[in-house]
Amino acid sequence: LPMNLTDLHPADKALSAKPLFANAGGSTVAIQLQKGGILPEHISQVPALLLCVSGEVIYQTNDAPEQRLQSGDYVHIPPQVKHQLIALEAAALVLIK
């Protein structure tokens, strides 16, 4: 049966992350941010791909200009780069690592 990303997350949380898929080679996580929600600065230990499914977020790192991601946009996240997300509007994202 088909599933929907929005069904994974509580509607009242500013930030929610739920695993979608994992195997020995990596994992996929569904992320939801409400408008104004922040995924605080953190560092990924492995390369990752962040895909914006809906909404709009700002992706920030310490060493590059901020990037606005909208539906369909994606960014490659290198390992050991500190980054954060700020939701300009409610957003659904998928992180593959």
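**From a loop to the sheet**

Ser 44 sits in the loop between S3 and S4; helices (H or I, at least four residues) and strands (E, at least two) are DSSP runs, numbered from the N terminus. Ser 44 is buried, its relative accessible area being 9%. Here buried means under 20% relative accessible area, exposed over 50%, and partly exposed in between, with a 1.4 Å probe and protein chains only. The side chain of Ser 44 comes to 2.7 Å from the backbone oxygen of Val 46. For such polar contacts the criterion is a pair of N or O atoms within 3.5 Å; within protein, one must be able to donate a hydrogen and the other to accept it, and residues adjacent in sequence count only if both atoms are side-chain atoms.

The model is predicted: local features need pLDDT of at least 70, side-chain atom pairs count only at pLDDT 80 or more, and totals for chains, interfaces and linings use all residues. Residues are numbered from 1 along each chain as its sequence is written, and side-chain values use heavy atoms, with hydrogens and water left out. The protein chain has an average pLDDT of 93, and 100% of the residues score at least 70; pLDDT is the predictor's confidence in each residue, from 0 to 100. Within the protein chain, confidence is highest in strand S4 (residues 48-61), with a mean of 97, and lowest in S1, with a mean of 90.

Which strands pair with S7? Strand S2 (residues 26-33) is antiparallel to strand S7 (residues 82-96), with 6 bridges between them. Two strands count as paired if DSSP finds at least two bridges between them. In this pairing Gln 32 has Ala 92 of S7 as its bridge partner. Strand S3 (residues 38-43) also pairs with S7 in the antiparallel sense, over 4 bridges, and Leu 39 stands opposite Leu 85 in S7. S4 runs antiparallel to S7 as well, and 11 bridges join the two; Leu 49 stands opposite Ile 96 in S7.

S2 has a further partner in S1: the two run antiparallel and are joined by 8 bridges. S1 and S2 form a hairpin, with 2 residues between them. Ala 22 faces Ser 27 of S2 in this pairing.

Back in strand S4 is Ile 58, which is buried at a relative accessible area of 8%. Between Ile 58 and Leu 88 there are 30 residues of sequence separation but 7.1 Å in space, C-alpha to C-alpha.

How many salt bridges does the structure hold? There is 1 salt bridge, defined as a side-chain nitrogen of Lys or Arg within 4 Å of a carboxyl oxygen of Asp or Glu. Glu 56 and Arg 68 form it, with their closest N and O atoms 3.3 Å apart. Because Glu 56 lies in strand S4 and Arg 68 in strand S5 (residues 64-70), the pair ties together parts that are 12 residues apart in sequence. Side chains of opposite charge can pair when their charged atoms come close. Glu 56 is buried, with a relative accessible area of 12%, whereas Arg 68 is exposed at 52%.

Strand S5 is also the place of Glu 66. Glu 66 is partly exposed, with a relative accessible area of 42%.

The loop between strand S6 (74-77) and S7 contains Gln 80. Gln 80 is not a glycine, yet it has a positive phi of about 65°.

The segment before S1 remains. Leu 8 lies in the segment before strand S1 (15-23) and is partly exposed, with a relative accessible area of 33%. Together with Leu 20 and Phe 21, Leu 8 makes a nonpolar surface patch of about 270 Å². Patches are made of residues with over 30% relative accessible area and no salt bridge: like charges are joined within 9 Å, nonpolar side chains (Val, Leu, Ile, Met, Phe, Trp, Tyr) within 5 Å. Accessible areas come from the Shrake-Rupley method with a 1.4 Å probe, and for residues only the protein chains shown count as cover.

Met 3 also belongs to the segment before S1. Met 3 is exposed, with a relative accessible area of 79%. Met 3 and Pro 47 are 44 residues apart in sequence, and their C-alpha atoms are 27 Å apart in space.
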